[in-house]
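Thanks for coming, everyone. Let me take you through one structure, a few residues at a time. Please have a look at it first.

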Amino acid sequence: MPAKDTRSEAAASAEGFTPERFEKELKELATKARNDTWTRRAARQLSAYAKAAFLLALLAVYSNVSPLALSPVYGSIPATIWHSKLLMTSCFVGWAGNVALRQFLPVRTALFLPLVALYIPAVQWFLLGYSSLLGPRWGPVVTEAVTLFPLAVLTAAVVADHLETTRLKMLPAFVADAAPGLGSWAWLKFVEQFAANHLRANMGRAVLYTRLGLELALGVVYAVFVPSKLLAYAVPPLLHALLFNTHVPSPAATSSLVSSMMTDGWLLLDRRESVTGYVSVLQSMQDGFRVMRCDHSLLGGDWIDKRQSKLPEPIYGVFVMLEAVRLAETETPVPDKDAHALVVGLGVGTTPSALVTHGINTTVVEIDPAVYDYAAKYFDLKENNPPVLEDAVGYTSALTATAPETFDYIVHDVFTGGAEPVDLFTLEFLQGLATLLKPNGVVAINYAGDLALPAPGIVFRTIKHVFPTCRIFREVPRDDVALKEVGVDFANMVIFCTKTSSPLTFRMPTQADHLQSAIRQEFLRLQHEIPQTELLSGDDASILRKNDTGALVAWHEQSALGHWAIMRTVLPAWVWERW
C-alpha cells in the first residue's frame with residue numbers, strides 16, 4: 001500500500017509539471033524580484049529608522065518633562081538624583097526584552113504607548129500627595145518608576161522591533177548587532193540635551209511650555225502616532241486633567257486651586273511657570289505673611305500685617321543683613337546719594353528696595369522675568385533703574401570690559417532649591433565682580449548651606465582667593481542639638497568682603513538705617529559671626545573654577561535633601577504639593 005501511494009504522488013507531480021506552470025512560476029519569481037529592489041528595501045529601512053528616531057525623540061522630551069513635573073514638590077535636585085539611572089535601566093529592559101513583551105502583551109507593544117503617556121499626569125498628581133510619606137529621596141524614584149519607567153520600557157521595545165529588520169549587512173556581525181542599540185542611545189541623549197536647552201529658555205512662554213501642557217501634548221502626539229482602540233481607556237485620565245488636576249495651567253484649574261486653598265487659610269495670588277521653575281505668590285491669611293515660591297524653595301517674603309514703614313517688613317533676617325553692606329567702614333566713606341550698587345538676584349526685592357530707599361543708585365540683574373514681575377506687583381519693589389533681565393554671568397562679563405570699578409556695593413544673592421547656581425560662585429565670576437567693584441567697595445554674598453558638609457568651605461576658599469578680607473555672619477545661632485542628633489548645621493549666612501587688606505569693620509546702625517523696621521533694628525547689628533577657621537579647617541585646598549565644578553556639585557544632593565526638610569517646616573506639606 002505505501003508503494004502504491006508513492007507512485008501515485010510521483011505521477012501526479014509529473015503530470016502537474018507542465019511548461020505553462022513552469023513559465024508562470026518564473027514570472028512570479030521575476031515579479032517578486034522586481035518588487036524587492038534595493039530602493040524598496042532602503043525605503044523600508046529608512047521608514048523603520050524614522051519611526052524609531054521619532055519615538056526616541058518623544059521619550060527624550062519626556063525625560064526632561066518628568067523631573068520638571070516633580071520639582072515643585074521635591075525640588076529640582078532631588079527630582080533628578082535617580083532619574084538618569086532609571087532611564088538607562090528602563091531602556092535596557094525594553095531593548096533586551098522586546099521579544100518577551102510581544103509574547104506577553106495581548107496586542108502590539110506600540111498600542112500601549114499612548115495609553116501609558118496619557119495616564120502619567122493623573123498618576124503623578126495622585127502620588128505627589130504622598131510626598132511627605134515617601135520623602136525627597138524615594139518620592140521621585142517611586143513616582144518615575146510607575147510613570148517614566150514603563151513609558152521608556154515600551155518605547156525601547158518598540159524601537160527594537162522596528163530595527164530588528166534593518167541589520168547592516170555590510171558591517172562585521174558584532175558591529176551590526178551593537179550599532180542599532182548604541183546609535184539609539186546616542187540619539188536619545190542628543191535630543192534629550194537639545195530639548196533641555198530649549199525648554200530651559202522657553203518655559204512659561206505659552207501653555208505648551210508648561211509642565212502639564214507638555215505632558216498632555218506628548219500624550220496626544222503618542223496617540224496620533226499610534227492610533228488604537230485602547231485609547232478609549234484614556235478617557236478617565238483626560239477627564240481628571242480637565243476637571244480635577246489643579247496643576248493644569250488653565251483658569252478653571254487655578255480657580256479651583258484658589259478655592260481649595262482659601263478653605264485651609266491660604267490665598268494663591270498668582271502663579272506662573274518660568275525659566276527658573278514654577279513661581280507663585282502665596283499668602284497665609286492666618287499668620288499674615290506673603291511669600292514668593294520657586295519650585296520647592298522660597299525666594300523671600302513679607303509680613304503683611306506688621307508693616308510699620310513705607311517698606312515691607314521681611315520675614316527673613318538674612319536679606320536685611322545684606323543691607324549692612326552700606327555700613328562697612330572705609331577710608332573714604334561714600335554718601336548714599338553718590339553710591340552705586342549692583343544686586344545680582346532679586347528675590348522679592350528686600351535688599352534692592354532698601355538700597356533705593358536710602359537713595360543709592362541701584363542696578364538689579366535677574367534672570368527670571370516672572371520673579372521680577374511678581375516682586376514689582378506683590379512686594380512693592382522700589383527701583384531707580386530699569387532691571388537687567390539677563391543671565392548674570394553674561395551680563396557681568398560684558399560689563400567688566402566696558403565699565404570696570406563702577407560699583408561701591410555689590411550684593412550677590414542667588415540661592416534656590418537647596419543649592420547655589422554653581423556658575424555664579426566660580427573663581428572666574430567672582431573675579432569679574434571684583435573688577436566691577438571700586439577699590440574701596442564692599443561685596444556682600446548670601447550663601448545658604450550645611451556647614452557640616454565640605455561645600456561651604458569650597459565656596460569660601462574661592463571667595464577668599466579673590467577678596468583677601470572677609471567676615472561671615474549667620475542669620476541665627478547654631479542649633480547644637482540638631483547638629484548633635486542629625487549632624488546637620490544648615491545656615492543662612494552673609495559673607496562681607498573687600499579688595500583691600502585693611503580690617504573690615506561696621507559702624508553701628510542708626511534710626512535712619514532701620515527705616516522704621518523692627519526686623520532691621522534686630523538684624524542690621526550683624527550678630528553670630530562665624531570664625532573663618534570653621535570653614536577653612538582641614539587639608540582640602542580646592543577652589544571652584546569654571547571648568548572644574550565637580551567638587552561642589554558632588555555635595556548638592558545632600559544639601560538639597562536637607563533644605564527640602566527645612567522648607568516643609570516653613571509651609572505645610574499640602575501647600576507644596578498642590579502647587
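Start with one definition. A residue is buried under 20% relative accessible area, exposed over 50%, and partly exposed in between. Keep in mind that this is a predicted model.

Asp 338 has a relative accessible area of 39%, so it is partly exposed. Lys 337 has 67% relative accessibility, so it counts as exposed. The two side chains meet in a salt bridge, at 3.4 Å from N to O.

How many salt bridges does the structure hold? It holds 20. Let me pick out some others.

Take Arg 471 and Glu 529. Their side chains meet in a salt bridge, 2.8 Å from N to O. This pair links distant parts of the chain, 58 residues apart. Arg 471 is in strand β10, residues 469-474. Glu 529 is in strand β12, residues 529-530. Buried or exposed, or something in between? Arg 471 is partly exposed, because its relative accessible area is 22%. Glu 529 is partly exposed too, at 39% relative accessibility.

Next, Arg 568 and Glu 577. They form a salt bridge as well, and the closest N and O atoms are 4.0 Å apart. Both residues are buried.

Let's return to strand β10. It also holds one end of a disulfide. A search of the whole structure finds one disulfide. Which cysteines does it join? Cys 470 and Cys 497, with 2.1 Å from S to S. The link is right-handed, with 110° about the S-S bond. Cys 470 lies in strand β10 and Cys 497 in strand β11, residues 490-498, so the pair ties together parts that are 27 residues apart in sequence. Both of these cysteines are buried.

Cys 91 is at 10% relative accessibility, so it counts as buried. Cys 294 is buried as well, with a relative accessible area of 4%.

On to the rings. A pair of aromatic rings is described by the distance of the centres and the angle of the planes. The structure holds 13 aromatic pairs. In the pair of Trp 82 and Trp 138, the ring centres are 6.1 Å apart and the planes are at 15°, so this pair is stacked. Where do the two sit? Trp 82 lies in the loop between α3 (38-74) and α4 (83-96), and Trp 138 is in helix α7, residues 131-145. So the pair ties together parts that are 56 residues apart in sequence. Trp 82 is partly exposed, with a relative accessible area of 34%. Trp 138 is partly exposed, with 48%.

A second pair is Trp 266 with Phe 289. This one is edge-to-face, at 5.8 Å centre to centre and 80° between the planes. Trp 266 is in strand β1, residues 266-274, and Phe 289 is in strand β3, residues 289-294. They are 23 residues apart. Both are buried. Together with Trp 303, they form one aromatic cluster.

One more point on Trp 82. The charged end of Lys 85 sits over its ring, 5.5 Å from the centre.

Now the record. An unreviewed UniProt entry annotates "transmembrane region" over residues 48-70, 82-101, 110-128, 140-160 and 206-225. Here are two of those spans in the model. Residues 140-160 are 90% helix and 0% strand, with end C-alpha atoms 28 Å apart. Residues 206-225 are 75% helix and 0% strand, and there the end C-alpha atoms lie 24 Å apart.

Ser 184 lies in helix α9, residues 173-202. Its relative accessible area is 8%, so it is buried. Leaving out residues up to four places away in sequence, Ser 184 touches Leu 56, Trp 95, Val 159 and Leu 163.

Ala 370 is in helix α15, residues 369-378. At 0% relative accessibility, Ala 370 counts as buried. Beyond its neighbours within four places in sequence, Ala 370 is in contact with Arg 272, Ser 274 and Val 279. Its C-alpha atom is separated by 21 Å from that of Leu 571, which is 201 residues away along the chain.

That's the tour. Thank you.

Conventions
Residues numbered from 1 in each chain as written. Predicted model: local features only at pLDDT ≥ 70, side-chain atom pairs only at ≥ 80, totals over all residues. Heavy atoms only, no water. Helix = DSSP H or I, 4+ residues; strand = E, 2+ residues; numbered from the N terminus. Buried < 20%, exposed > 50% of the residue type's maximum accessible area, 1.4 Å probe, protein only. Contact = heavy atoms within 4.5 Å. UniProt positions renumbered as here; feature names shortened; annotations may be inferred. Phe/Tyr/Trp six-rings, centres within 6.5 Å; stacked < 30°, edge-to-face > 60°. Lys NZ or Arg CZ within 6 Å of the ring centre and 35° of its normal. Disulfide = S-S within 2.5 Å.
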